[in-house]
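Here is a short walk through one protein model. Follow it with the structure open.

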Amino acid sequence: MTDVVVYSRPGCHLCEEAEPVVRRVAQRYGLPLEIVDMDSDDELVRRYSLRIPVVLDAADRVVAEGTIEERHLRRTV
């Protein structure tokens with residue numbers, strides 16, 4: 001089971017900035033992390049295309065999107 005999922009896409013500068021932040025938080029709490037290229041799934045593109053990067057928790061709830069702040073993410077995952 002993955003506790004933290006990040007939907008992103010190649011070439012997205014916000015995604016590139018968010019990934020190390022999310023990795024640090026996931027490692028800090030020992031949470032499995034999955035980075036998903038949303039362009040590989042038409043439904044993900046439909047849902048999140050303009051909101052990336054999008055971070056979801058284990059309950060599949062969006063906990064952060066766009067500019068990801070570590071302080072906020074630590075309180076929500």
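**From a loop to a ring pair**

D57 sits in the loop between strand 3 and strand 4 (62–65). Helices (H or I, at least four residues) and strands (E, at least two) are DSSP runs, numbered from the N terminus. This is a predicted model: local features need pLDDT of at least 70, side-chain atom pairs count only at pLDDT 80 or more, and totals for chains, interfaces and linings use all residues. Residues are numbered from 1 along each chain as its sequence is written, and side-chain values use heavy atoms, with hydrogens and water left out.

D57 has a relative accessible area of 9%, so D57 is buried (under 20% relative accessible area, with a 1.4 Å probe and protein chains only; exposed is over 50%, partly exposed in between). Beyond its neighbours within four places in sequence, D57 contacts D3 and V63 (heavy atoms within 4.5 Å).

Now move to strand 3 (residues 54–56), which holds V55. V55 is buried because its relative accessibility is 0%. Not counting residues up to four places away in sequence, V55 touches a list of residues including V4, V22, V63, I68 and L73. The C-alpha atoms of V55 and E43 are 16 Å apart, with the two residues 12 apart along the chain.

Last, the aromatic rings. Rings of Phe, Tyr and Trp (its six-membered ring) pair if their centres lie within 6.5 Å; planes under 30 degrees apart count as stacked, over 60 as edge-to-face and the rest as tilted. The count is 1 aromatic pair. Y7 and Y48 are stacked because their ring centres lie 5.3 Å apart and their planes meet at 25°. Y7 lies in strand 1 (residues 4–8) and Y48 in helix 2 (residues 42–48), so the pair ties together parts 41 residues apart in sequence. Both Y7 and Y48 are buried.
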